[in-house]
Amino acid sequence: MGSVVTAVVAVLAVGVGIAVLASIYRVARADEAFVRTGLGGPVAVVDRGAFVLPLIHRRVPVSLRTVGVEVRLGGEGGGAEAVAGCAIEARVHTRVGANEADVLQASRQFSGRPVTAETVGSFVTDQLRGALEAAAGCRDAGAVAGDWDGIAQTAGAQLCEALAARGMTVELLT
């Protein structure tokens, strides 16, 4: 009888141990990574899992989804003054790089807050608007209209550089 009780207690203990381990082990989804902060310093988790211990660690999700952003300067609904009297419209598709260094950098950019598609989109909108204004702002209307390719290249280079420093990559800029 004593051996049966011991066996039941052992099985229950193993079951509880497995349940506890399963509850603290977090796996990154295909479209999301996370940064585990706390004891041991920040650790980026991409395409794998990690133990996140309550009261010791914090899990900060980082979206790896591609985000599309459109910026319009001037014209109807532009929300900003036209650059040199011209309406400028640009679209960019960007995402956080799916590697540990980029995930850590993006998490730092947003001060440890969850890095969602919305926060990335808002940030990229501001960066794209600033790059367009800087690239076209010192030109007159004729120069803006005649050198759109040059403006796009300059703004694209500024945007790529600004985003790369923050763990993001530009997939498409039109």
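Tutor: Let us begin with a term: a contact means heavy atoms within 4.5 Å. Helices (H or I, at least four residues) and strands (E, at least two) are DSSP runs, numbered from the N terminus. This is a predicted model, in which local features need pLDDT of at least 70 and side-chain atom pairs count only at pLDDT 80 or more, while totals for chains, interfaces and linings use all residues. Residues are numbered from 1 along each chain as its sequence is written, and side-chain values use heavy atoms, with hydrogens and water left out.

Now for the pair itself. On the α3 side, Phe 123, Val 124, Gln 127, Leu 128, Ala 131, Leu 132, Ala 134, Ala 135 and Ala 136 take part, and they meet Trp 148, Ile 151, Thr 154, Ala 155, Gln 158, Leu 159, Ala 162 and Leu 163 of α5. Sorted by type, the residues of this contact are 14 nonpolar, 3 polar and no charged. Here Ala, Val, Leu, Ile, Met, Phe, Trp, Tyr, Cys and Pro count as nonpolar, Asp, Glu, Lys and Arg as charged, and the others, Gly among them, as polar.

How do the helices lie? Two packed helices are described by the angle between their axes and the distance between the axes. The axes of α3 and α5 come within 8 Å and cross at roughly 140°. Axes are lines fitted to C-alpha atoms, for helices over the stretch in contact, and angles run from 0 to 180 degrees between N-to-C directions. Angles under 35 degrees count as roughly parallel, over 145 as roughly antiparallel, 65 to 115 as roughly perpendicular and the rest as oblique. The two helices, α3 and α5, are therefore oblique to each other. The crossing of α3 past α5 is right-handed, the name used if the near helix is turned clockwise from the far one by less than a right angle, with anticlockwise giving left-handed.

Pick out Ala 134, which sits in helix α3. Its relative accessibility is 47%, so Ala 134 counts as partly exposed; buried means under 20% relative accessible area, exposed over 50%, and partly exposed in between (1.4 Å probe, protein chains only). Ala 134 and Gln 158 are 24 residues apart along the chain, and their C-alpha atoms are separated by 9.2 Å.

Next, look at the interior. A nonpolar core is a set of buried Ala, Val, Leu, Ile, Met, Phe, Trp, Tyr and Cys residues joined through side-chain atoms within 4.5 Å. The largest one here has 33 residues, and Val 124, Leu 128 and Leu 132 are among those with the most contacts inside it. At least two core residues come from each of β2 (32-38), β5 (57-63), β6 (67-73), β7 (88-96), α2 (100-109), α3 (117-136) and α5 (148-164). Helix α3 gives the largest share of this core, 8 residues.

Finally, step back to the whole chain. It holds 5 helices and 8 strands, and 34% of its 174 residues count as buried. Among contacts with a separation of 6 or more, 65% join residues 24 or more positions apart.
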